[in-house]
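Hi everyone, thanks for coming. I have one structure to show you today, so let me put it on the screen.

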Amino acid sequence: MSDLRGRWRLVAVMVAAGLAGALSACGPAGNTPAGNAPAGTGQLSGTVTVFAAASLKGTFTQLAREFEAKNPGTKVTLSFAGSSDLATQITQGAPADVFASADTKNMAKLADAGLLDGTATNFATNVLEIAVPSSNPASIASFTDLAKPGVKVVVCATQVPCGAAADAVERAAGVTLSPVSEESSVTDVLGKVTSGEADAGLVYVTDVKGAGGKAKGIPFDEASEAVNTYPIATVRSSRSKDLAGAFIALVAGAEGRSTLGAAGFGAP
C-alpha cells in the first residue's frame with residue numbers, strides 16, 4: 001500500500017513540473033524596444049537615424065542601402081548638412097542615433113558635452129581640391145590663381161570643416177583669398193561651381209569625383225597642410241544603440257572602407 005502511495009506522489013510531482021513549464025512557455029512576451037532584436041535571434045529591426053557630413057552623401061547613401069539589404073526589417077534615415085550645423089542640432093536635442101563628422105573638432109564638441117555613447121571611431125580622411133567648371137573659364141591651374149583679380153571663388157564658412165581646411169591652406173601658402181561667398185556646406189560650394197556662378201571653389205577630392213563630369217578637379221600641393229579626419233560615433237540619447245553600433249561597424253569595416261576608397265576617401 002505504501003509503495004502505491006509513493007508511486008502516486010511521484011506522478012503528481014511530474015505533472016506539476018510539466019504544467020509549470022507549459023505556463024512559463026505560454027506567458028506574456030515582453031515588448032522588443034525599437035532597434036532591438038528578440039533575445040537569441042541575432043536579427044536587427046527598427047530605424048536608425050544617421051546625421052552625416054554633406055561630403056558623405058554619396059557613400060553613406062550607398063552604405064545605407066547595403067545595411068538595409070543585409071538586415072531586412074531595418075531602415076536607415078539619413079540627414080546631411082555641414083558638420084557644425086549637425087553638431088549644433090544634436091546639442092539642441094535632435095533625435096540622432098549616429099553622428100559622422102568631417103572633422104574631429106565638431107565631434108569633440110559632443111564628446112566634451114557628454115553627448116556621445118563611448119568614443120568615436122576614425123573611419124576616413126579627405127583633402128581639398130580646386131573645383132572648376134568643366135570648361136575652366138578662368139584658366140585656374142594652381143592655388144595662387146584663386147587670388148587673381150576678377151576670379152570668383154567660393155569657399156565654405158570657417159566653422160564648417162571644409163572652410164577651416166581652406167583657411168589652414170591659405171595660411172600655409174601665404175595666399176589670401178577674397179571669396180564671393182561662403183557656404184554652409186561643401187555641396188553648396190560645388191553647386192555654385194557646377195551652375196557657373198563661380199569660377200572656382202574649394203571642395204574635397206571626393207566631391208569633384210562624385211560630380212560626374214560636371215566639374216573638373218585641380219589638385220594642389222598645399223592641400224596636404226589640411227587633411228581632414230572623419231570620426232563616427234553613437235549619440236548617447238540614441239534609443240537604437242544596437243542598430244547604431246551595427247551601422248558604425250559597417251562604415252568602419254572592410255565593406256565601408258571599400259566603398260569610401262572607391263569614392264576617393266583616404267584611410268584614417
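This is a predicted model: local features need pLDDT of at least 70, side-chain atom pairs count only at pLDDT 80 or more; totals for chains, interfaces and linings use all residues.

**Aromatic pairs and a sheet**

How many aromatic pairs does the structure hold? There are seven.

Take Phe 60 and Phe 123: their ring centres are 5.9 Å apart and the planes sit at 40°, so we call this pair tilted. It links distant parts of the chain, with Phe 60 in helix 2 and Phe 123 in strand 4, 63 residues apart. Phe 60 has 0% relative accessibility, so it counts as buried. Phe 123 is buried too, at 3%.

Back to Tyr 230 and Phe 265: here the centres are 5.4 Å apart and the planes are at 85°, so the pair is edge-to-face. Tyr 230 lies in strand 10 and Phe 265 in the segment after helix 9, so the pair ties together parts that are 35 residues apart in sequence.

Five strands make an open sheet in the order 7-6-8-5-9, with mixed pairing. Strand 7 and strand 9 are the edge strands, each pairing on one side only. On average, neighbouring strands are turned by 35° against each other, direction ignored.

Inside that order, strand 6 and strand 8 pair in the parallel sense over two bridges, and Val 153 has Ala 200 as its bridge partner in strand 8. Finally, helix 5 lies across strand 5, strand 6 and strand 8, running at about 100° to strand 5.

Key
Residues are numbered from 1 along each chain as its sequence is written. Side-chain values use heavy atoms; hydrogens and water are left out. Rings of Phe, Tyr and Trp (its six-membered ring) pair if their centres lie within 6.5 Å; planes under 30 degrees apart count as stacked, over 60 as edge-to-face and the rest as tilted. Helices (H or I, at least four residues) and strands (E, at least two) are DSSP runs, numbered from the N terminus. Buried means under 20% relative accessible area, exposed over 50%, partly exposed in between (1.4 Å probe, protein chains only). Two strands pair if DSSP finds at least two bridges between them. Axes are lines fitted to C-alpha atoms, for helices over the stretch in contact, and angles run from 0 to 180 degrees between N-to-C directions. Contact means heavy atoms within 4.5 Å.
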